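Dear colleague,

I am handing over the structure below, together with some notes on what turned up when I went through it. Please read them with the model open beside you.

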Amino acid sequence: MKIGIIGGGAAGLCAAIAAARGNGNVTIFERNDRVGKKILMTGNGKCNLSNLEMSAEYYYSGDRSFVARVLERFGTDETILFFNGLGLLLTEKRGGIYPHSEQASAVLDALRFEADSLGINICSPAFVKKITKEGDGFEITFEQTLPEGKSACKKERFDRVIIAAGGKAAPKTGSDGNGYKLAGDFGIKMSNTFPALCGVRCRGKFWKEIAGVRCQASLLIENEESGEGFSYGELQITDYGISGIPVFQISRLIAGKLLKDEDCIIDIDLFPDVSEDVLFNEISSRVILLTDRTSLQILGGFLNKKLAMFILKSLGIRADDRLGEDRLPLIVSALKHLRVMATEVNSFEQAQTTAGGVLLSELDDTLQSRNHKGLFFAGEILDADGVCGGYNLQWAWSTGYIAGEAAALC
């Protein structure tokens, strides 16, 4: 069985290994000069490749039941066994699964070495321009860059094809949406795509004044009907708005609201671990005790000085004035309910993954197209995206292995 795989990322490499283990004659078409470029960027280079707490609830999709079935077939346990079998020692940190070396390069090397051991052909740099149905198989038309720098347009026939070309996020790694074009040529239905796991731009010209501040906070999207618009973690304030993992976790929901032209207000709690009453009493006790301290000196004992300055300024309180107890309710309210309005999410260039894509209803449980037998899909190109924590790489391993195994057997 001759199998062509479009894309040499996480899903493509896993699919290739599974297909080759099923005695498939496998070729990967990778547009970069080497495979796995995006893997090296994951988890800040540490590669959080899965999570012990694995469930479809951690994914957004038009068909979560499909996601659940995929994870039941190839979930965290299967991923751990897979990488252990490649010689990779894994470790767990707060539920996340990482290579023990905490080097994404170790994950990529394990995949590359196995691909080489199985005789998988890697054609790169090669840009797939077209896939056409030819009888019981497919013809792949691709442009390959030759060693001398010239390019040549070639065609090659395959019995099965797996499109694992990624989405649109981080286009510098090769994910520029070409996979959607290839799918569209077959009439495959897709949902709208937009950036996910990214920073959020907010209204206001004051952000540069407090850029660089990091603090623990909880975020809540006001009027979010799904009930999923809550997040907690280290908030990062940038010169354009907000970022950090708690922002990434809800950026998809924010993008969805903005796409529908809905106002999107985010309520930020800068002291999520204490109630308003407790916070009021803590600040009040210091105002009473430290009568010679200024407003900034009092508030600066509670949070970052730049952020304290911003809060006081936003409330019209002078930093060098004494802080009267009559102003405390306003301050506490601002600290517990700092409301900002999102204007847009960052672009695909700054996003970690893509929301939307090939509808899961277009595929059977082996990730094969219902209408085009022999054509499979895997990875980010599909309409399923996870939150931070190894969920998107798990989706790549799961769909890649299932598609690769099925392509070799069918």
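Q368 is placed in the loop that runs between β19 (353-355) and β20 (375-377), and in this predicted model the residue has a relative accessibility of 10%, so that Q368 counts as buried. Leaving aside residues up to four places away in sequence, Q368 touches E362, L363, K373, G374, L375, F376 and C410.

Helix α3 (residues 76-85) packs with helix α12 (residues 391-409) at an angle of about 80°, the axes being 10 Å apart, and the two helices are therefore roughly perpendicular to each other. On the α3 side the contact is made by T76, T79, F82 and F83, and on the α12 side by Q394, W397 and Y401; these residues divide into 4 nonpolar, 3 polar and no charged. Ring pairs also link F74, F82, F83, W397 and Y401 into a cluster.

In the whole structure, 12 aromatic pairs were found. One of them joins Y59 and Y391, whose ring centres are 6.0 Å apart with the planes at 90°, so the pair is edge-to-face. Because Y59 lies in strand β4 (residues 59-61) and Y391 in helix α12, this pair ties together parts that are 332 residues apart in sequence, and both residues are buried. The rings of F206 and W207 have their centres 4.7 Å apart and their planes at 35°, so this pair is tilted; F206 counts as partly exposed at 22% relative accessibility, whereas W207, at 4%, counts as buried.

Finally, two lysines: K93 lies over the face of Y98, at 5.5 Å from the ring centre, and the charged end of K133 sits over the ring of F138, 4.7 Å from its centre.

How values were computed
Residues are numbered from 1 along each chain as its sequence is written. This is a predicted model: local features need pLDDT of at least 70, side-chain atom pairs count only at pLDDT 80 or more; totals for chains, interfaces and linings use all residues. Side-chain values use heavy atoms; hydrogens and water are left out. Axes are lines fitted to C-alpha atoms, for helices over the stretch in contact, and angles run from 0 to 180 degrees between N-to-C directions. Helices (H or I, at least four residues) and strands (E, at least two) are DSSP runs, numbered from the N terminus. Angles under 35 degrees count as roughly parallel, over 145 as roughly antiparallel, 65 to 115 as roughly perpendicular and the rest as oblique. Contact means heavy atoms within 4.5 Å. Ala, Val, Leu, Ile, Met, Phe, Trp, Tyr, Cys and Pro count as nonpolar, Asp, Glu, Lys and Arg as charged, and the others, Gly among them, as polar. Buried means under 20% relative accessible area, exposed over 50%, partly exposed in between (1.4 Å probe, protein chains only). Rings of Phe, Tyr and Trp (its six-membered ring) pair if their centres lie within 6.5 Å; planes under 30 degrees apart count as stacked, over 60 as edge-to-face and the rest as tilted. A charge sits over a ring if NZ of Lys or CZ of Arg is within 6 Å of the ring centre and within 35 degrees of the ring normal.
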